[in-house]
Amino acid sequence: MIPSGVMTLIQVAFVLIIALLLLSVAAMPVFLTALKQLASQLNGSSNGATSKNVVDKLSHI
């Protein structure tokens, strides 16, 4: 016999696994691209910006 609530826990786990897969396929590339651009701006490798200028721009956030 299956104890009560086990089927509900299996369904919740299944939905959670699907959500994590969708997150890794859809959202992670967007976040990684944004973090990569932010890191390059902080290092001063794009548009001649220095890290001090970028930090000054980001300090008001």
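## Helix H1

In this predicted model, helix H1 covers residues 6–43, 38 residues in total, and reaches 51 Å from its first C-alpha to its last, close to the 56 Å expected at 1.5 Å a residue (1.5 Å times one less than the number of residues). Helices are DSSP runs of H or I with at least four residues, and strands are runs of E with at least two. The chain has 2 helices and 0 strands.

H1 has a kink of about 45 degrees at Ala27, shortly before Pro29; the bend is the angle between axes fitted to the seven residues ending there and the seven starting there. Gly44, with a positive phi near 80 degrees, follows H1.

## Exposure

Of the 61 residues in the protein chain, 5% are buried (under 20% relative accessible area; exposed is over 50%, partly exposed in between, 1.4 Å probe, protein chains only). Leu35, in helix H1, is exposed at 54%. The chain exposes about 5400 Å², of which carbon and sulfur atoms supply 73%.

## Basis

Residues are numbered from 1 along each chain as its sequence is written. Local features need pLDDT of at least 70, and side-chain values use heavy atoms, without hydrogens and water.

Key
Areas by Shrake-Rupley, 256 points an atom, 1.4 Å probe, with all protein chains shown as cover.
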